[in-house]
Amino acid sequence: MASTNGRRPSSRASSLRDALDMHMNSTDKDANATASSNRMSLIKSMCEPINKSTKLTEYDVKEDDWTFILNKLNSRIIKSEQKTLKEEITEKYGDKKLNALMSMLMCHPTLDVVKILVEIGGENTVMEVSECGFNAIHYACWGNASLEVITYLLTIGKKEALQKKSANGANPLHIACMRYKSTESNSLSDVVRLFIEVGGIAITTATDQHHEIPLHGLLLHSKHDVDVNAIKSYFDEWYKFKIPGETLASITGRKESNEYSGVVDIFVDTNVDEQNDILHEALNKIIRQLLKTHGAARYQILKSQFTKEYLTERFIEPLPLAILITDLYIQILIVCVFWFFINPNFPTTVSSTAINTILIICMIWRILREMIQGFNTTFGAYLSSLSNWFDIAQIVLIFITLQMNLDFYSSRSSYGVLTFAIFISGLELFTEIHNFQYSLAVFYAAIIKVLKKLWPFIFTTLMFVATFAHAYYIAGTDDAELCDKADMYETKEDFILAGGFTCTRLDSYRFAASNLFEFAFPSGFFYIPLLFSLVMLILFLNIIIAV
């Protein structure tokens, strides 16, 4: 027997293996010659190693082992030893004081073994609660029991067993969402669907001591290991409880309970207003955790009907809507400043003092918004959002503009800053408007998706430009005095083509960047431009093939 997840078997796992080996190697003759207490010690010898520590561990017991255990149990039933067998099944073992059914459920038992344990030990073994508040279904989820075993336990425990909370407030759905792993034969998605169908909305919205609903456990996995199908099943089953003609507030506790008849019944606690606040807090945690998941998984989850309606309802609440409208107004002011109020070529009717005042107000608001976003997500997730980079760029451009003398433009650098600011402000206005129009939002999402896919191409291109720019600069030209003969050429273009771009490192960069796909061959160079052309052609063809 091996421990799960590639872990090295513990001493308790070895003890469990030794117990099984001892009984499997003993003969019937040896068993008959042994005292009754020892002859019936298979269950005890299995359960005690599992319960010797306060740490709950999952075990893998082989299929052959379960076949042997099943045969042993059937043999004892045939010999009319049900009374003694029942005492062993219902006895409490080890430090955790678990009965045989609870202990074996952490070892992936077969359905036949579970049925015998329940039939001999009684249905109370399913409903019985351990010291930590777990019942048999809690342990089945912890030990990744098969779907058929869980289904059988539910036929006995029914809704009552699913609503049972542990000492830390977790019901079996909490444990399944945190611990259960999909396999080839068993799907967490099916377990979630089964639990919600039997347990109803009460287990879906039940919160533990951390004010978290079961769904939160599904999102706590590694962002690349999120079970998207299980999350979608959770949302789909939850959505079925929506009251016809009402908003999702009828099943998410975001409204006063007296607005809907019968809503009180969906909560376990009697204090509905307090429970609504707790559930609202839990849903806020879900949204924050969802932002930390992998982009592809997050996209699939957000497509569910539940999340679309829920986020829409949250969007039209007074505070979020007021913030988004303020964002839009602030961005319109920024556009007006850069597009209309500032003009270095013609005098404007707006004073520089008024322009600076507007920009200061806009910059303060933008900084506050970025700080709010930063505090509500991880640093990595914040940096991975392209729109956040646009926000940061605009804040920097506003700050640079505030340092300029808007009444007198002394250098061409001012024109460059203003040109870039106009471009960024237009993009930012589009990002604000798309929040209010679905078709624009779809188009915006498509643009961002394309830009993210182009990032490797842009990065690679810049790397090649830098590489060949330095190659040009180091190689230089055949004419060592060329840089001193710039005045001899009629135009700067002629000087560049003669190799003058190698005179400075900056000119080398400009030449490499401006000749990405022109394949120019300046005087005195052949192999470097040829190699540059070949590399860029291959890069361009890869882009075409990828698209």
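How are α4 and α5 oriented to each other: roughly parallel, roughly antiparallel, roughly perpendicular or oblique?

**Entry 1: basis.** I worked from a predicted model, in which local features need pLDDT of at least 70, side-chain atom pairs count only at pLDDT 80 or more, and totals for chains, interfaces and linings use all residues. Residues are numbered from 1 along each chain as its sequence is written, and side-chain values use heavy atoms, with hydrogens and water left out.

**Entry 2: α4 and α5.** I found that helix α4 (residues 42-50) packs with helix α5 (residues 63-78) at an angle of about 135°, their axes being 11 Å apart. Axes are lines fitted to C-alpha atoms, for helices over the stretch in contact, and angles run from 0 to 180 degrees between N-to-C directions. The two helices, α4 and α5, are therefore oblique to each other; angles under 35 degrees count as roughly parallel, over 145 as roughly antiparallel, 65 to 115 as roughly perpendicular and the rest as oblique. Leu-42, Ile-43 and Met-46 of α4 meet Trp-66, Phe-68, Ile-69, Lys-72 and Leu-73 of α5, where contact means heavy atoms within 4.5 Å. I noted seven nonpolar residues, no polar and one charged in the contact of α4 with α5. Ala, Val, Leu, Ile, Met, Phe, Trp, Tyr, Cys and Pro count as nonpolar, Asp, Glu, Lys and Arg as charged, and the others, Gly among them, as polar.

**Entry 3: α12 and α13.** I then looked up helix α12 (residues 172-179) and helix α13 (residues 188-199), whose axes come within 10 Å and cross at roughly 170°. That makes α12 roughly antiparallel to α13. Pro-172, Leu-173 and Ala-176 of α12 make the contact with Leu-188, Val-191, Val-192, Phe-195 and Ile-196 of α13. The contact of α12 with α13 holds eight nonpolar residues, no polar and no charged.

**Entry 4: the chain.** I recorded 29 helices and zero strands in the chain; both are DSSP runs numbered from the N terminus, helices being H or I of at least four residues and strands E of at least two. Of the 547 residues, 44% count as buried, that is, under 20% relative accessible area (1.4 Å probe, protein chains only). Among contacts between residues at least 6 apart in sequence, 70% join residues at least 24 apart.

**Entry 5: Ser-103.** I located Ser-103 in helix α7 (residues 100-104). Ser-103 is buried, with a relative accessible area of 0%. Not counting residues up to four places away in sequence, Ser-103 touches Cys-47, Ile-50, Asn-51 and Leu-98.

How values were computed: Buried < 20%, exposed > 50% of the residue type's maximum accessible area, 1.4 Å probe, protein only.
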